[in-house]
Amino acid sequence: MNLGTGWNLGNTLDAHNADTFENEPSNTETSWGQPATTREMIKGLANSGIKTIRLPVSWTPHMNANYEINGQWMARVKTIVDWCIEEGLYVILNIHHDNYINDNMVYAFQGFYPTEKGKAMSLKYIEAVWTQIAMAFNKKKYDKIIFETLNEPRLRGHEHEWNMDPKCEKCQEAARIINELNQKALDTIRSSGGINADRMVMVPAYVASPYAAWDSSFKFPVDPAGKGKIALSVHMYTPYNFAMNCGDGSYNNFSTQTKEELDNHFNSLKSNFIDRGYPVIIGEYGATNKGNKADRLAWFEYYLKESASRGITSILWDNGTENNHENPAESFGFFNRETCQWFDQDIRNVIMEAAEEGARKHANSN
């Protein structure tokens, strides 16, 4: 499966009006400031060279107390998926902001939380939501969809929410529950039969971190479809200081140390997973706009070339905002959804060319 170069429809279908996951907010798709998705956007992305679109979708705001997903919301998701399929694109479809806000789960339909306390309700939620998604897309026309079981599953509100500490008992507990949630999602997808019986499925470790995936606590789910149909899902804004930390400007330069950290990550992903028969998909990557264009271009070129040369697919995170003056760390807009053109054609060019060069290198090495 050659997924090519990928892009995220961020801050759109994953948006929600409040952190309380209120039932049936009416304007979620545009509630975080992005325009409603159009066929022209999808066509523009395909024409620019994008081959895969990741659709982050939050389902909980559109679910009632009986775990039923609102039919209008499912139809909207299917419409956008159909546009992608009609443009010849692969689609990654997930459950996104459905990780509950804390360990005190009051209503079972509010999502999942990876602790023993929340496990029973979380497993029930995962089975319910994936039963409905799996059946909605279980037709031959949807054979280019990849399901992603969870997005950045973590202990929200915990001191180690964003970084798993192997010495933290709560983190180890969460890692075990995430394994169970991944298994439940996969079992639910596979049991629906049809093309879901052997569809590619992505699974993450704690917070989709490469470090958590390398930890011995992470286990791939047992798959009746056999080896090669489960991919590791990771997010890699690496190095963090360059890619996301705006700080005082000390980390704006692309350096030898940056290359070394990327090499270490890519090499470890290849040796630990790809060489063992598990595809690796970086579901989110990117470097925020700090006004350091030359260094960003160098980072993108190295990142895409080196990841693709190892057989790793990378999906660009795009939240639609090129310059976030209130929070510069969130300046992850790359494709202008109003004009259906890239904000910066140089970035688009280097991403496409570097990924293609890396893919050629990978093909020639096999």
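**Note on a helix pair and selected salt bridges**

1. H7 passes H8 in a right-handed crossing (the near helix is turned clockwise from the far one by less than a right angle). The model is predicted, so local features need pLDDT of at least 70 and side-chain atom pairs count only at pLDDT 80 or more, while totals for chains, interfaces and linings use all residues. Residues are numbered from 1 along each chain, and side-chain values use heavy atoms, without hydrogens and water.

2. The axes of H7 (residues 256–272) and H8 (residues 293–309) come within 10 Å and cross at roughly 25°; the two helices are therefore roughly parallel (an angle under 35 degrees). Axes are lines fitted to C-alpha atoms over the stretch in contact, with angles from 0 to 180 degrees between N-to-C directions. Helices are DSSP runs of H or I with at least four residues, and strands are E runs of at least two.

3. Aspartate 263 of helix H7 pairs with arginine 310, in the loop between H8 and strand S8 (313–316), 47 residues apart. Their closest N and O atoms are 3.9 Å apart in a salt bridge (a side-chain nitrogen of Lys or Arg within 4 Å of a carboxyl oxygen of Asp or Glu). Both residues are buried (buried is under 20% relative accessible area, exposed over 50%, partly exposed in between, with a 1.4 Å probe and protein chains only).

4. The whole structure holds 22 salt bridges. One of them joins aspartate 82 and lysine 141 at 3.3 Å, N to O. Aspartate 82 is buried at 17%, whereas lysine 141 is partly exposed at 43%.

Conventions:
Parallel < 35°, antiparallel > 145°, perpendicular 65-115°, else oblique.
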